[in-house]
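Subject: Structure for you to look at

Dear colleague,

I am passing on the structure we spoke about, and I would be glad if you could read the notes below with the model open beside them.

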Amino acid sequence: ALWIIFIIFIPLFGVLLCVLLGLMPFAGEPSAALLAQTRPTLIDLFVAALAGFAGVLALIDERVSPVLPGVAIATALNPPIAALGLCLASGAYAGAWGAFLLFFANVLAILAVAAVMFLIAGFVTRAEIGSVRSLARRFAAAAIGLVLVTGLLTNYLVGLVRNLRTQQAIQSVLDEQLSHEPNTALASVDFSRTTSGVDVLSTITTPHVADPQLVQKIQDALAARLGESVRLYLRCSVTQ
């Protein structure tokens, strides 16, 4: 009963509280820390596993401070709960899904690590464990959930690495092409993937409006570097 209260009702209360806070008129812009909770990766799952390890270690070793389990678990679970509530309040449902996925993954990781640690420490006897079939039946749902979540987070991590490489490639091509233009520098660059390819939005500082032929040349260079169709939107900030 206590586990049900901890896993369901306490997080639900935290989400509702954060929704109310997010609806307040003084709510500010989302911070980088908040946005990080909506984009979970496999690294976050590893951090949650370490938090579970630290918590169990404090329970089985009296030399470790008893405060450590609360701090470790709160570090892994509280941020995604807060992000979930704030995203729901602002209508960012995609971010809310990411925060919920992170919370769910952290709970499964902590429970899995705790179960393994308690078995290794000898808190459960061989008779209490039972047969392999009963053990598999008991943990089947949690194991399947952990495998699915691990797959999703791995996919997110692969996508993140791919986007970082694309960002670096785009910036490298733009810097190289603009280096031949006098008094012209790259100010910012952003991109998004569509069904037809990659859309690149770039802002440059330049003493004159960019020639259409230059834009086409840079677009062709980007397409050759990325190996896919590119549409370049070049915004010129005219300066002297």
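The notes that follow take up a strand pair with its helix, and then a group of aromatic rings.

Please keep in mind that this is a predicted model, in which local features need pLDDT of at least 70 and side-chain atom pairs count only at pLDDT 80 or more, while totals for chains, interfaces and linings use all residues. Residues are numbered from 1 along each chain as its sequence is written, and side-chain values use heavy atoms, with hydrogens and water left out.

Helices (H or I, at least four residues) and strands (E, at least two) are DSSP runs, numbered from the N terminus. Strand β2, residues 197-206, pairs with strand β3, residues 230-238, in the parallel sense over nine bridges, where pairing requires that DSSP finds at least two bridges between the strands. Together with helix α8 (residues 212-226), the two strands β2 and β3 make a right-handed β-α-β unit, right-handed being the case when, with the strands pointing away from the viewer, the path from the first strand over the helix to the second runs clockwise.

Helix α8 also holds Q219, which is buried at a relative accessible area of 18%; buried means under 20%, exposed over 50%, and partly exposed in between, with a 1.4 Å probe and protein chains only. Leaving aside neighbours within four places in sequence, Q219 is in contact (heavy atoms within 4.5 Å) with V230, R231 and L232.

Turning to the rings, the structure holds two aromatic pairs. The ring centres of W97 and F100 are 6.0 Å apart and their planes stand at 35 degrees, so this pair is tilted; rings of Phe, Tyr and Trp (its six-membered ring) pair if their centres lie within 6.5 Å, with planes under 30 degrees apart counted as stacked, over 60 as edge-to-face and the rest as tilted. Both W97 and F100 lie in helix α5 (residues 93-121), three residues apart, about one turn of the helix.

For F100 and F104, the centres are 6.2 Å apart and the planes lie at 10 degrees, so that pair is stacked. These two residues are four residues apart in helix α5, which again means about one helical turn between them. Ring pairs thus link W97, F100 and F104 into a cluster, and its members are partly exposed, with relative accessible areas of 45% for W97, 37% for F100 and 35% for F104.
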